[in-house]
Amino acid sequence: MLLRTKFKHLPCTKSIRYISHLSRKPRHRNSIPLSQQQDPHALLKEDPVEILSNLWIKTFSQPQNLFTNITGFLSKLDLWVLAYQRTYAHFTGSFPPRNALHSHVLSDLSSLRNTVIHGKFLWNAKTHQLIRGPNEKPITEQLSRRQLHNILTSKTPPFQDTVVQQVLLMILEPIFEPRFSSKSHAFRPGRNPHTVVRTIRSNFAGYLWFLKGDISEVFDDVDVNVVMGSLEKAVKDKKVLNLIKSGLRAPVRSRLGEEEDEEEKNSKKRKQGRTKKRTLNENDRKPDPYWLRTFFDFAPQEAAKIPNYGCCGILSPLLANVFLSELDHMMEQKIVEFFRPCERDAIWKYSMDDGCHNPAWPEFVPSSGKEKTRKMDFIRFGGHFLVGIRGPRQDAVEMRKEIIEFCERIFGVRLDNSKIEVEHISRGIQFLDHIICRRVIYPTLRYTASGGNIVSEKGIGTLLSVAASLQQCIRQFRKLKLVKGDRDPEPLPCTPMLYSGQAHTNSQMNKFLETMAEWFRYADNRRKVVGFCAYVVRSSLAKLYAARYRLKSRAKVYKIASRDLSRPLREHTNNSAPEYSDLLRMGLVDAIEGVQFSRTSSIPSCDYTPFPRNWIPDHEKVLCEYINLQDPKFFCQLHKSVKQHGICLPQDEISDIVWEYKTLGVRSLSQRLCGDKGMENASQEVMAAS
């Protein structure tokens with residue numbers, strides 16, 4: 001009997017086969033022989049930006065259209081490559097070119113795409129990854145039990161999950177953006193806290209009572225059926241819905257397990273001590289600089305919490321906006337029902353969007369009464385919203401009751417009165433670290449009485465004021481351990497920058513001050529708050545330099561380094577060192593930039609640029625204009641208006657210029673161009689009319 005036949009009849013053959021199967025290189029289920037494999041680069045036939053642009057145009061031209069076949073977009077490998085590039089840039093900080101991707105990466109992306117399309121994708125599958133991250137090393141050796149446990153219990157989601165979420169986000173975002181209300185400003189392109197502040201300044205003047213609501217509980221836990229019910233109103237593709245549903249229902253580690261892991265890590269740190277510093281690899285993502293981490297700690301309460309459902313990750317903010325948009329649409333309907341105009345009123349006489357009320361002018365009428373217009377407005381940022389009501393307090397109480405009942409019926413969240421507070425404008429309402437209040441002014445009214453006499457009287461008016469909260473700013477500085485005390489805060493030395501040079505420290509804090517000045521750009525007291533931040537930073541750095549360079553007080557630091565700390569400081573014991581000017585000329589040191597905003601006059605004032613009442617982001621304007629130009633009727637009307645005003649088309653204008661240049665020469669062309677000055681005015685009138 002042959003040796004192969006004897007080996008085949010051994011009783012341990014199955015176990016040997018299993019061991020040999022584990023030792024092989026894992027192959028995908030859809031793998032084919034090498035002779036029949038297609039080049040992955042040949043599958044990239046379309047431009048992913050063009051695909052997404054066409055999708056945005058289609059959704060904005062038909063906002064209420066249902067999408068029954070999103071799987072067709074999932075089957076395009078070009079979108080998966082773009083999702084991989086974005087995810088790669090998030091992990092490493094560098095965006096890889098498309099032509100620089102290796103063939104094995106494209107093959108892995110193709111396998112991941114096929115797995116998702118066939119419905120075999122599993123979320124949080126850390127032991128079966130079809131594609132690995134740029135910083136993850138391939139597993140070539142057998143893992144120990146502890147290493148396998150660390151992989152399974154780690155909080156970091158697999159790289160392939162992020163790629164799948166990025167693809168879904170790129171496809172679903174243009175589908176739901178035209179369906180969202182203009183009242184929501186969080187987790188949406190083109191909208192940010194600045195647009196909220198400007199909208200409040202423009203649209204919330206004249207309101208007496210405010211409802212400040214907090215429904216951020218839905219960010220922690222939400223019913224899966226609520227999210228899926230909102231998604232099914234626009235998406236009818238079962239494969240995509242099942243994929244998102246499985247991601248929402250994926251098991252998430254309990255808080256108890258997280259606390260146990262934190263205790264284990266703390267105990268390990270105590271045992272190991274600070275014997276060795278961690279060194280970053282070449283492809284590891286670098287930590288954020290100190291000024292950026294400091295500014296992140298200034299995030300307002302409304303923007304501090306980000307939704308995270310199951311294994312959906314970066315897809316969660318979009319899903320939160322999808323089901324919270326039902327609250328926005330409900331409030332839009334309530335705004336229409338609540339509006340009751342009055343012709344005797346000085347503002348909002350005829351309609352809600354007539355724009356006759358100018359918030360820049362004082363309001364010389366009371367904000368409520370029988371003969372006053374009843375009006376309401378609403379705005380939402382994430383899980384926090386603000387409702388302005390012009391009317392009696394009873395209307396605000398009834399509206400709060402309706403919102404609580406709606407949230408309990410639709411979202412399954414029970415809110416008490418403390419989550420939705422009724423506040424008066426005179427007390428000041430804090431929203432996004434800005435205080436909305438009413439400022440009383442006493443202008444002088446001059447008018448012509450009977451007989452032609454000019455009468456001057458003192459009047460009383462109110463203006464809507466949106467100011468930055470100085471107390472909240474002091475609290476944030478106290479958390480960062482840069483100040484101590486409440487009424488008279490005393491700056492503390494900036495110890496995290498102890499081992500940095502003077503040039504690097506000043507540049508870091510300058511970036512922080514510039515960011516703070518931009519954050520409070522639309523606050524009435526912008527100079528006051530930014531000046532306080534500059535005082536804290538400058539005093540903190542002066543104390544730090546006094547300790548670093550062995551000086552006794554801040555006064556000596558200011559005497560040597562000047563008020564803005566731009567002059568170089570050095571220790572007295574190092575007298576043999578070369579001068580700073582020599583080192584700067586040789587390129588051995590960096591130039592020291594002074595701390596900004598050392599003078600109040602250098603701080604920019606509040607930006608009072610008018611904000612349109614029915615504002616939309618720039619990208620939506622471009623999409624709407626492009627869609628209108630694609631309409632033959634609109635193009636015919638534009639062509640008729642051009643002919644009526646006697647303006648030539650750009651093509652005709654260029655052809656005439658070229659013909660005259662060839663036949664008559666440059667002199668006649670210059671005379672013609674100087675004589676036709678009225679053409680520009682006429683073209684501007686046509687563009688304004690269109």
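## Surface and overall content

Accessible areas here come from the Shrake-Rupley method with a 1.4 Å probe. On that basis the protein, a predicted model, exposes about 41,400 Å². Carbon and sulfur atoms supply 52% of this area.

Of the 690 residues in the protein, 42% are buried. The secondary structure consists of 27 helices and 11 strands.

## Helix α19

Helix α19 covers residues 502-519. With 18 residues at 1.5 Å a residue, α19 should span 26 Å, and its end C-alpha atoms are 26 Å apart, so the two values agree.

The helix is mostly covered, with 13 of the 18 residues of α19 buried. Buried here means under 20% relative accessible area.

## Packing of α20 and α21

Helix α20 (residues 526-548) packs with helix α21 (residues 554-561) at an angle of about 95°, and their axes are 8 Å apart. Because angles of 65 to 115 degrees count as roughly perpendicular, α20 is roughly perpendicular to α21.

On the α20 side, the contact is made by Arg-538, Ser-539, Ala-542, Lys-543, Tyr-545 and Ala-546. Helix α21 contributes Arg-554, Val-557 and Tyr-558. By class, the contact of α20 with α21 has five nonpolar residues, three charged residues and one polar residue.

An α-helix has 3.6 residues a turn, so residues three or four places apart point the same way. Ser-539, Ala-542 and Ala-546 are among the α20 residues in the contact, and Arg-554 and Val-557 are among those of α21.

How values were computed. Residues numbered from 1 in each chain as written. Predicted model: local features only at pLDDT ≥ 70, side-chain atom pairs only at ≥ 80, totals over all residues. Heavy atoms only, no water. Axes fitted to C-alpha atoms, helices over the stretch in contact; angles between N-to-C directions. Helix = DSSP H or I, 4+ residues; strand = E, 2+ residues; numbered from the N terminus. Parallel < 35°, antiparallel > 145°, perpendicular 65-115°, else oblique. Contact = heavy atoms within 4.5 Å. Nonpolar A, V, L, I, M, F, W, Y, C, P; charged D, E, K, R; others polar. Buried < 20%, exposed > 50% of the residue type's maximum accessible area, 1.4 Å probe, protein only. Expected span 1.5 Å × (residues − 1).
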